[in-house]
Amino acid sequence: MEIKITLLIIVTLSLILIPVAKSQLQSGFYSSTCPKAEATVRSTVETHFKNDPTVAAALLRLHFHDCFVEGCDGSILIKGGSAEINAVPNLGLRGFEVIDDAKSQLESLCPGVVSCADILALAARDSVDLSSGPNWAVPTGRRDGRVSLASKASNLPSPLDSIDAQRQKFAAKGLDDRDLVTLAGAHTIGQTDCRFFRYRLYNFTTTGNSDPTLSQSTLTDFQKQCPRSSDGTERVALDKDSQLKFDVNYFKNVRDGNGVLESDQRLWGDPTTRDIVQKYAGTLRGLLGLRFDFEFKKSMVKMSSIEVKTGTQGEIRKICSKFN
């Protein structure tokens, strides 16, 4: 009788514990099922990066946009008329070919094992590392979502957002002010189209004035790069000093009135976010535990865990651009 009760308790506990264990992301998730998973993603990203270093920023942005809609589940990769990829905030995304390349290789090595969502998370990490930024262990075990709708992308942060609007959107995903500023620091690499900030140069107040938060020298430079009469597709570095290097110059630019996007420059206008920007940009960087590279790793792990699907949720896509 005692043996039966003991066995019943063991079985019951195992049934309780199994879904809990499966619901957690973990470093080295593929160590036994696909040992070369992370190395394959890394080598793929590295190959594309050597041909075009700007792809690093593209992959980092792709992961961010994925996580803010339906969680980090690869929903941004789905193609289709009503899919997330076609939402207005996502129209400039690129780097999809890198994810497809890595997925194709992994399907040959370990069919049906590695999710597109995990490939995105790993590629974002590798992109930062290749750009002279920090490296970190990426918890894996995400599964791919089965929903991708452009109509659900309205909660993506916008270059036009006030600090309060940014704060609300980040808080809705479990991210605080430090995460907001730290993740905005991803703009230390990459570019943007003139059309996303040109209004700051010529018609900020609808009376033909420029944005007063822009320094005069930066305003002049931006006006040369983004003529009033152009179509707005010219590309401008988000970090004018070192657009291909992951460093703290982005925060120095914001401090000095050289932020490109209005949402970036507004970080200097709010007391809380301004304090964080100052600590990252100033000569005291590294004191009080506020080191950008260290904090960025923490915020990325936190962001890449938003509303993940694990265990038996979702699926493992065969091809990242379409559901199974």
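Modeller: Let's start with Cys67 and Cys72, which are joined by a disulfide with sulfur atoms 2.0 Å apart. A disulfide is counted here when two cysteine sulfur atoms lie within 2.5 Å. In general, such a link is a covalent bond between the sulfur atoms of two cysteines. Keep in mind that this is a predicted model, where local features need pLDDT of at least 70 and side-chain atom pairs count only at pLDDT 80 or more, while totals for chains, interfaces and linings use all residues. Residues are numbered from 1 along each chain as its sequence is written, and side-chain values use heavy atoms, leaving out hydrogens and water.

The torsion about the S-S bond of Cys67 and Cys72 is about 120°, so this disulfide is right-handed. Cys67 and Cys72 are both buried, where buried means under 20% relative accessible area, exposed means over 50%, and partly exposed is in between (1.4 Å probe, protein chains only).

Cys67 also belongs to helix H3 (55–67), as one of its buried residues. Helices (H or I, at least four residues) and strands (E, at least two) are DSSP runs, numbered from the N terminus. H3 has 13 residues and spans 19 Å from first to last C-alpha, close to the expected 18 Å; the expected span is 1.5 Å times one less than the number of residues. Twelve of the 13 residues of H3 are buried, and its cover includes H2, H4, H5, H6 and H13. In the loop between H3 and H4 you will find Glu70, whose phi is near 65°, a positive value in a residue other than glycine.

The axes of H2 and H4 come within 9 Å and cross at roughly 145°; axes are lines fitted to C-alpha atoms, for helices over the stretch in contact, and angles run from 0 to 180 degrees between N-to-C directions. Their contact (heavy atoms within 4.5 Å) involves residues including Val41, Val45 and His48 of H2 and Val98, Ala102 and Leu106 of H4.

Now for the other links: the count comes to four disulfides. Cys34 and Cys110 form one of them, with sulfur atoms 2.1 Å apart. Cys34 lies in the loop between H1 and H2 and Cys110 in the loop between H4 and H5, so this pair ties together parts that are 76 residues apart in sequence. Both Cys34 and Cys110 are buried, and their link is right-handed, with 75° about the S-S bond.

A disulfide also joins Cys116 to Cys320, S to S 2.1 Å. Its torsion is about -95°, so the link of Cys116 and Cys320 is left-handed. Cys116 lies in helix H5 and Cys320 in the segment after helix H13 (292–303), so the pair ties together parts that are 204 residues apart in sequence. Cys116 and Cys320 are both buried.

To put the links in order, number the bonded cysteines along the chain: the pairing is 1-4, 2-3, 5-8, 6-7.
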